[in-house]
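Me: Please take a close look at a single part of this model. I would like its surroundings described, and then its place in the whole.

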Amino acid sequence: MLKKVEWSDDLLIYIPEIDIQHKKLLKISQDLYNISTGNLENYKLNMAKILKNLTDYTVYHFSSEEVLLKKYNYPAMATHKMAHDNFVTEVSAQIRRLSSGSIEDGQRFYEYIISWVLTHIAKADKTWANFVRPKMENNRAN
């Protein structure tokens, strides 16, 4: 059975701009959950809207992160960007399938998105945030 994932402060990386973006990504994922559990009418139309929102916001969010990583010379920037690029590639492939897919396809996609986002925030984003945050605080102090 599909489990709805809610925001948890355990996911905070303590960079407010990025934390807000992470919360928004989880909110979009919850929209995907709602439609994938049959809580919305007009599945295909609503799925198309959610996928567009997810795609647009993901590109915006990844770009925001990458600007910070570059600005503060994060040494694993290339690896982090590659993870973002691989995610976008996978989502694009799944979107093609979802455009004419079933609710079950939507459920599998939701599980993929949630798993990837939560793991990425908990591991990769927290790692770079621990590197960047002191540099950001040092810049504010000067």
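Reply: Of the 142 residues of the protein, 42% count as buried, where buried means under 20% relative accessible area, exposed over 50% and partly exposed in between, with a 1.4 Å probe and protein chains only. This is a predicted model, in which local features need pLDDT of at least 70 and side-chain atom pairs count only at pLDDT 80 or more, while totals for chains, interfaces and linings use all residues. Residues are numbered from 1 along each chain as its sequence is written, and side-chain values use heavy atoms, with hydrogens and water left out.

H61 counts as buried because its relative accessibility is 1%. Its side chain makes a polar contact of 2.9 Å with that of E65; such a contact is a pair of N or O atoms within 3.5 Å, and within protein one must be able to donate a hydrogen and the other to accept it, while residues adjacent in sequence count only if both atoms are side-chain atoms. Once neighbours within four places in sequence are set aside, H61 is in contact (heavy atoms within 4.5 Å) with I18, Q21, H22, L25 and D125.

Just after α2, N73 has a positive phi of about 50°. Helix α1, residues 16-36, should span 30 Å over its 21 residues, and its end C-alpha atoms are 30 Å apart, in agreement. G38, which follows α1, also has a positive phi, near 80°.

In the whole, the protein has 4 helices and 0 strands, and its elements run α-α-α-α from the N terminus. Helices (H or I, at least four residues) and strands (E, at least two) are DSSP runs, numbered from the N terminus. Of the contacts with a separation of 6 or more, 75% involve residues 24 or more positions apart. The C-alpha atoms fill a box of roughly 55 × 25 × 20 Å along the principal axes.

N86 is placed in helix α3, residues 77-98, and counts as partly exposed at 48% relative accessibility. Its C-alpha atom is 23 Å from that of L12, which is 74 residues away along the chain.

Note on methods
Expected span 1.5 Å × (residues − 1).
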